[in-house]
Amino acid sequence: MHPNQETITRFYAAFSQKDAKTMATCYHEDVTFSDPVFKELRGAEVAAMWEMLCLQAKTLIITSSDIQADDLKGQANWTAHYDFGKPPRPVHNRIHAEFEFLDGKIIRHIDTFNFWKWSRMALGFLGLIMGWHSGVQQKISAQAMSNLTKFITKTKTK
């Protein structure tokens with residue numbers, strides 16, 4: 001197995017255990033991350049996002065498959081099963097991840113998933129009728145970034 005493939009495998013094994021510290025060791029210090037919710041995170045923000053998500057998840061099942069990598073790039077498919085919102089709604093999100101590597105670590109991580117499908121599960125009826133709308137996507141993204149900023153501020157003051 002290629003070392004970068006091992007890195008991706010270790011990342012998702014740690015995620016399935018809610019081990020954000022090990023996940024962070026897979027990243028280069030100058031990493032960038034984006035997905036449909038967190039548009040462009042850099043450096044320590046990326047590790048903080050995973051830590052926040054792992055700590056907040058009461059129910060979380062992560063599985064990964066089709067992990068491939070070479071010296072420069074990699075990819076994986078992964079699924080997340082968790083409850084979201086109030087009242088809690090079950091979410092089964094299917095994600096495709098693409099990676100770039102530098103110095104044996106992930107320097108770029110891009111997750112893609114169908115936001116409308118996610119919003120139907122996570123937001124219920126509102127997601128069904130409005131989840132496709134860019135304004136809803138922007139509002140959810142802004143709220144997620146606000147939550148991350150508060151989390152980072154709170155963890156810095158501890």
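In strand β4, Thr79 is the bridge partner of Thr63. Strands here, like helices, are DSSP runs numbered from the N terminus, with at least two residues (E) for a strand and at least four (H or I) for a helix. Before we go on, keep in mind that this is a predicted model, where local features need pLDDT of at least 70, side-chain atom pairs count only at pLDDT 80 or more, and totals for chains, interfaces and linings use all residues. Residues are numbered from 1 along each chain as its sequence is written, and side-chain values use heavy atoms, with hydrogens and water left out.

**The sheet**

Let's stay with β3 and β4 for a moment. Strands β3 and β4 (residues 73–84) pair in the antiparallel sense over 8 bridges, and two strands count as paired if DSSP finds at least two bridges between them. Strands of a sheet pair through backbone hydrogen bonds, either parallel or antiparallel. β3 and β4 also make a hairpin, with 3 residues between them.

The pairing of β4 and β5 is antiparallel, over 12 bridges, and Phe84 stands opposite Arg89 in β5.

Now zoom out. How many strands does the open sheet have, and in what order? There are 6 strands, in the order β2-β1-β6-β5-β4-β3, with mixed pairing. The edges are β2 (41–42) and β3 (60–69), each of which pairs on one side only.

**Helices on the sheet**

Helix α1 packs on the sheet and touches β1 (27–34), β3, β4, β5 and β6 (105–112). Contact here means heavy atoms within 4.5 Å. The direction of α1 makes about 175° with that of β3. For such angles, axes are lines fitted to C-alpha atoms (for helices, over the stretch in contact), and the angle between N-to-C directions runs from 0 to 180 degrees. Helix α3 (residues 44–56) lies across β1, β2, β4 and β6, running at about 70° to β1.

**Rings and core**

The whole structure has 12 aromatic pairs. Rings of Phe, Tyr and Trp (its six-membered ring) pair if their centres lie within 6.5 Å; planes under 30 degrees apart are stacked, over 60 edge-to-face, and the rest tilted. Why is the pair of Tyr12 and Phe99 edge-to-face? Their ring centres are 6.4 Å apart and their planes are at 70°, so the pair falls in that class. Tyr12 is in helix α1 (residues 3–16) and Phe99 is in strand β5 (residues 89–102), so the pair links distant parts of the chain, 87 residues apart.

Buried means under 20% relative accessible area, exposed over 50%, and partly exposed in between (1.4 Å probe, protein chains only). Both rings belong to one aromatic cluster, whose members include Phe11, Trp50 and Trp78.

The largest nonpolar core holds 43 residues, and Tyr12, Phe15, Phe38, Trp50 and Trp78 touch the most other members. Such a core is a set of buried Ala, Val, Leu, Ile, Met, Phe, Trp, Tyr and Cys residues joined through side-chain atoms within 4.5 Å. Helix α3 gives the most to this core, with 6 residues. Leaving out residues up to four places away in sequence, Trp78 touches several residues, among them Tyr12, Phe15, Trp50 and Ile62.

**Salt bridges**

The structure holds 2 salt bridges, each a side-chain nitrogen of Lys or Arg within 4 Å of a carboxyl oxygen of Asp or Glu. Here they are:

| Pair | N to O distance | Relative accessibility |
|---|---|---|
| Glu40 and Arg42 | 3.8 Å | Glu40 42%, Arg42 52% |
| Glu100 and Arg108 | 3.0 Å | Glu100 28%, Arg108 36% |

Arg42 counts as exposed, while Glu40 is partly exposed.

Gly104 lies in the loop between β5 and β6. With a relative accessible area of 45%, Gly104 is partly exposed. Gly104 touches Asn4 and Thr7, not counting residues up to four places away in sequence. The C-alpha atoms of Gly104 and Asn114 are separated by 30 Å, with the two residues 10 apart along the chain.
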